[in-house]
Amino acid sequence: MLETRGLTRTFGDVTAVDGVDLSVPAGTLTGFVGGNGAGKTTTMRMVMGILRPTAGEVLWQGRPATPADRARFGYMPEERGLYPKQPLLRQLVYLGRLHGLTAAAATAAATEHLERFGLADRAGDKLESLSLGNQQRVQIAAALLATPSALVLDEPFSGLDPEAVDAMADLLREHAARGVPVLFSSHQLDLVERLCDSLVVLSRGRVVAAGTTDELRHRGRVRHRLVVDGDAGWVRDVDGVSVLDVDGGTAVLELLAHDAADRVLREALARGSVRELSPLVPSLSEIYREVTA
Ligand SMILES: Nc1ncnc2c1ncn2[C@@H]1O[C@H](COP(=O)(O)OP(=O)(O)OP(=O)(O)O)[C@@H](O)[C@H]1O
């Protein structure tokens, strides 16, 4: 488990990260979302020990993370940072060796990752000769190469085409399946919703929502949609119901009492046919807009 406790960082008068508690359990993909300048990159840099916290700490397996622990984390920094003029295979092997792999193991891992991202035939080419999306694939390979104990990835999906997104998602799931905590930031909420087990939403340096996607979707009162033949305006007079909107035969409701659904249905059936009474589960984008407003 990778955690932060009260992690805080100020730059002059700006508090970029303000008392952030994060938990990334073993084997889960945790999405880290928030608007521009919310503090995601600053948090990840502190997790990796690249930036010193003003206050708070980073815990690995329940105790303060050491440089040796962090050396085994796979990291994809926002500023990327591979060598543009070096051939792909050579620099991946070099990075693998820096992480303690033997030359043979580093070559095998680098070759396998280049193959998985469809870049085997470019192994001898310089990084700068690749398209930006393909350079991104190599960056990802660099973070995953040495069987990392945790993964901290800053915008790993940005600039990837759908095929590379799927290859990347499969790889992350494989790492999670062997018990690795995976934290990745992204602005692509649809992707985060599809991929992650849990989510942390940051706004102005603070965590404003955290939990599994299901927990976040079902927090607060769940709204329901009622669709009936004829006008649904009568629903305003049903006890235990708060009506948010009525448009012809469609109404959006909050059921305040435990038997409110029964009452709505009885009343609706007495007046004609019921076409629908169903919960309106919010999308991640709707939750995001609500918690960051
Ligand atoms: N080295 C620095 N010096 C001064 N201010 C900084 C520094 N690094 C970050 N900041 C400020 O900290 C705040 C958080 O920035 P950060 O890059 O962590 O946000 P982010 O959530 O990663 O944003 P984005 O999604 O745009 O990448 C911003 O106000 C930024 O200007």
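Two residues are in contact if their C-beta atoms, placed from the backbone, lie within 7 Å. The structure described here is a predicted model, in which local features need pLDDT of at least 70, side-chain atom pairs count only at pLDDT 80 or more, and totals for chains, interfaces and linings use all residues. Residues are numbered from 1 along each chain as its sequence is written. Helices (H or I, at least four residues) and strands (E, at least two) are DSSP runs, numbered from the N terminus.

**Helix α5 and its surroundings**

Helix α5 covers residues 132–144. Its 13 residues reach 19 Å from the first C-alpha to the last, close to the 18 Å expected at 1.5 Å a residue; the expected span is 1.5 Å times one less than the number of residues. A residue is buried if 20 or more other C-beta atoms lie within 10 Å of its own, exposed if 12 or fewer, and partly exposed in between, with C-beta atoms placed from the backbone. Among the buried residues of α5 are N134, R137, V138 and L144. The cover over the buried residues of this helix includes β6 (73–76), α3 (88–98), α4 (103–116), β7 (150–153) and α6 (162–177).

I140 belongs to α5 and counts as buried because it has 24 C-beta neighbours inside 10 Å. Leaving aside residues up to four places away in sequence, I140 touches M76, P156 and M168. The C-alpha atoms of I140 and R223 are separated by 40 Å, and the two residues are 83 apart along the chain.

**The strands**

Two strands pair if DSSP finds at least two bridges between them.

| Strand pair | Sense | Bridges |
|---|---|---|
| β1 (2–11) and β2 | antiparallel | seven |
| β3 (29–33) and β8 (182–185) | parallel | four |
| β3 and β9 (198–203) | parallel | four |
| β11 (223–228) and β13 (250–255) | antiparallel | five |

Strand β3 is mostly covered, since five of its five residues are buried. L29, G31 and V33 point one way from β3, while T30 and F32 point the other way. F32 stands opposite S185 in β8, and V33 stands opposite V201 in β9.

Axes are lines fitted to C-alpha atoms, for helices over the stretch in contact, and angles run from 0 to 180 degrees between N-to-C directions.

A further open sheet of four strands has the order β12-β13-β11-β14, again with antiparallel pairing. Its edge strands, β12 (241–247) and β14 (274–280), each pair on one side only. Neighbouring strands here are turned by 20° against each other on average, direction ignored. Helix α9 (residues 260–271) packs on the sheet and touches β11, β12, β13 and β14, with its direction at about 160° to that of β14.

**The ligand shell**

The residues surrounding the ligand include F11, V14, N36, K40 and T42; a residue is near a molecule if its C-beta atom, placed from the backbone, lies within 6 Å of it. β2 (14–24) and α1 (40–47) are the elements that give two or more residues to this shell. The largest share, three residues, comes from α1.
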